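Please look through the structure below with its sequence at hand, and then follow the questions and answers, which go from one part to the next.

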Amino acid sequence: MALSVKNLSISLGSKEILLDESVGLADGSKVGLIGRNGVGKTTFLKAILGQVDYNGKIEFNGKAVYFSQQVDLDLNKTVCQTLGESATIHHQNQFEKKLHKIEQLLSRPEIHQDNNKVSKLMELYVELQAKIAKHQTLPPINKIKYALQTLEIKESWLNQSIGSLSTGQRAIIALAQILSSDADFLLLDEPTNHLDFKRLGILENHLRAFKGTVLMVTHDRYFLDSVCDTILKIENGKWIKYNGNYSAYIKTREATFKAQKAAYSLEEKYIAIQKDKIARLGKSPQKVKQGKYREKLLEKRKIIEKPDLDQSRFKTSFEATPINSVVILDLVDLCVGYEKPLISNINFNAGLGQRTVLIGENGIGKSTLFKTIEGRVSAISGKVILDSKAKLGYVDQELKDLTIKATLYDEIFSLFKDRAKTRQQLSMLGFVTDKDVSKPISQLSMGEKSRLNLLKILIKKPNLLLLDEPTNYLDIDACEIVENAFLNYNGAILAISHDRYFIEKIAQRILKVSNGTIKEIDKKMI
């Protein structure tokens with residue numbers, strides 16, 4: 001068994017994430033951990049590593065390594081320096097804690113009165129130090145080379161600082177650390193976010209061929225289908241385990257829901273019939289006694305709960321400020337970049353009601369183009385022409401426009417200055433109770449932050465949306481709700497995405513960035 005969890009309970013403040021849950025994962029299994037934003041997926045991964053408090057027992061075999069959805073690399077180090085460092089290996093045997101306990105024992109004078117005990121403690125201390133040193137060594141050169149070749153990390157990146165890379169490039173470097181480790185248990189939190197199509201394919205192939213165990217959180221429906229042989233869903237504080245990939249899970253879930261719905265309906269009818277019979281028994285002592293007996297029988301029946309597909313509760317629609325122009329954005333001979341051009345000779349216009357998706361490898365200038373259109377980065381040459389009545393909304397993939405120290409209520413109230421409207425808008429995203437809205441943004445899951453960020457931008461009713469990886473971090477239900485809202489949006493959309501479901505559903509035009517230029521391609525060519 002790669003992972004054994006028994007009677008696990010986790011609480012965050014007064015919120016119960018899991019209650020007395022048990023599950024086991026077989027060696028070599030590839031497990032997709034799914035569930036709505038905020039149900040505790042990331043918290044569970046951190047519990048496995050001992051980074052959050054919990055009650056119960058968690059045991060795993062071998063060496064585990066963790067990929068965080070918030071890529072946390074030293075921005076001042078070069079790519080070469082970063083790849084030379086080993087990803088942190090986690091052990092079920094917590095060597096450091098044991099070392100600390102031995103040090104505490106050796107500091108007691110009474111221990112030294114027993115030479116045999118001191119000798120055994122010292123032997124164990126040296127043994128534990130050797131084990132720690134073994135797992136703190138740098139990854140073998142051939143493994144680093146493998147990661148470089150596998151993820152197609154270019155030589156030109158190696159001497160660049162991490163801080164100078166795009167978000168997607170940083171994710172690639174963090175994954176390279178994971179792939180070059182000697183871990184046999186991979187805990188991956190949204191590993192597909194920010195990756196281009198090429199690296200998505202590479203990661204899919206690597207994980208399928210990986211002989212160890214994988215437990216990953218991802219909303220990428222194609223990826224779940226391609227890699228996973230098991231789906232573990234967190235639903236209403238409980239785990240439900242499904243055999244097969246995501247498509248198999250959907251079929252099983254729908255069939256189970258239909259069966260539960262039929263059983264619930266039959267039970268409701270049976271109870272209604274019995275209550276009607278009791279009501280018509282009459283008021284003689286014998287009939288009253290008989291009625292009470294039947295009522296007790298009903299009370300003893302096992303309650304069948306009303307079935308629930310546990311889907312995201314929020315609803316949303318996107319309204320655009322009216323505009324009469326046909327063309328809302330015109331890019332003329334535009335060249336974008338920093339010290340050097342990244343994309344040149346960009347000639348493109350966005351029409352009202354048009355949905356365009358921009359694709360291409362990581363680090364080639366897609367986000368820079370958006371920042372240039374929005375005005376955060378100056379164009380090297382050429383023109384960005386916006387209609388005089390254009391109202392631009394920019395959804396940044398790094399969620400930098402949120403005030404992390406503020407509460408949800410504060411963030412939205414600052415835009416409306418109206419309590420009722422603030423609560424109404426937050427309730428549409430599923431933030432309903434006083435406790436929900438008074439929560440600091442810093443305590444939200446990345447998916448919840450993403451929904452809040454989207455709301456903050458759309459409140460202003462933009463008629464031109466620049467969406468940089470808009471489905472990153474959203475749970476699967478939330479993705480579908482947002483996608484449907486985009487389909488009914490009457491402004492113009494220009495989006496960067498590598499979410500294949502999103503592109504298939506949303507895109508009317510596809511623009512591909514490669515070799516410093518942009519070309520329109522057919523959707524079938526993706």
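Q: Why is strand β16 described as largely enclosed by the rest of the structure?
A: In this predicted model, the strand β16 covers residues 464-468, and a residue counts as buried when its relative accessible area is under 20%. Leu464, Leu466 and Asp468 point one way from β16, while Leu465 and Leu467 point the other way, and all are buried.

Q: Which strands pair with β16, and in what sense, parallel or antiparallel?
A: Strand β15, residues 392-395, is joined to β16 by four bridges, and Tyr394 stands opposite Leu466 in β16. Strand β17, residues 492-496, pairs with β16 over five bridges, with Asp468 standing opposite Ile496 in β17.

Q: Which element supplies the largest share of the largest nonpolar core?
A: The largest nonpolar core has 42 residues, and those with the most contacts inside it are Ile173, Leu186 and Leu207. Several elements each supply at least two residues of this core, including β5 (63-67), α6 (167-179), β7 (185-189) and α9 (246-279). The largest share, eight residues, comes from α6.

Q: How many residues are in the other core, which lies apart from the largest one?
A: In general, nonpolar side chains of soluble globular proteins tend to be buried together. The other core lies apart from the largest one and has Val39, Tyr66, Phe185 and Leu215 among its members. Its number of residues is 27.

Q: Which element gives the largest share of the lining of the largest pocket?
A: The largest pocket has a volume of about 1,200 Å³, and of the 49 residues that line it, the closest to its centre are Lys15, Gly38, Lys439, Ser445 and Glu448. Two or more lining residues come from each of β2 (15-25), α1 (41-48), α14 (434-437) and α15 (446-458). The largest share, five residues, is given by α15.

Q: How many nonpolar, polar and charged residues are in the lining of the second largest pocket?
A: The second largest pocket holds about 890 Å³ of space, and of the 34 residues lining it, the closest to its centre are Ser164, Ser166, Gln169, Leu342 and Gly363. The elements that give two or more residues to this lining are α6, β12 (341-351) and α11 (366-374). Sorted by class, the lining has seven nonpolar, 16 polar and eleven charged residues.

Conventions. Residues are numbered from 1 along each chain as its sequence is written. This is a predicted model: local features need pLDDT of at least 70, side-chain atom pairs count only at pLDDT 80 or more; totals for chains, interfaces and linings use all residues. Side-chain values use heavy atoms; hydrogens and water are left out. A nonpolar core is a set of buried Ala, Val, Leu, Ile, Met, Phe, Trp, Tyr and Cys residues joined through side-chain atoms within 4.5 Å. Buried means under 20% relative accessible area, exposed over 50%, partly exposed in between (1.4 Å probe, protein chains only). On a 1 Å grid over the protein atoms alone, a cavity is a set of points where a 1.4 Å probe fits but cannot get out, and a pocket is an open set with protein on both sides within 12 Å along at least five of seven lines; lining residues have an atom within 4 Å of a point. Grid points are joined across faces, edges and corners, and a volume is the space filled by probe spheres set on the points. Ala, Val, Leu, Ile, Met, Phe, Trp, Tyr, Cys and Pro count as nonpolar, Asp, Glu, Lys and Arg as charged, and the others, Gly among them, as polar. Two strands pair if DSSP finds at least two bridges between them.
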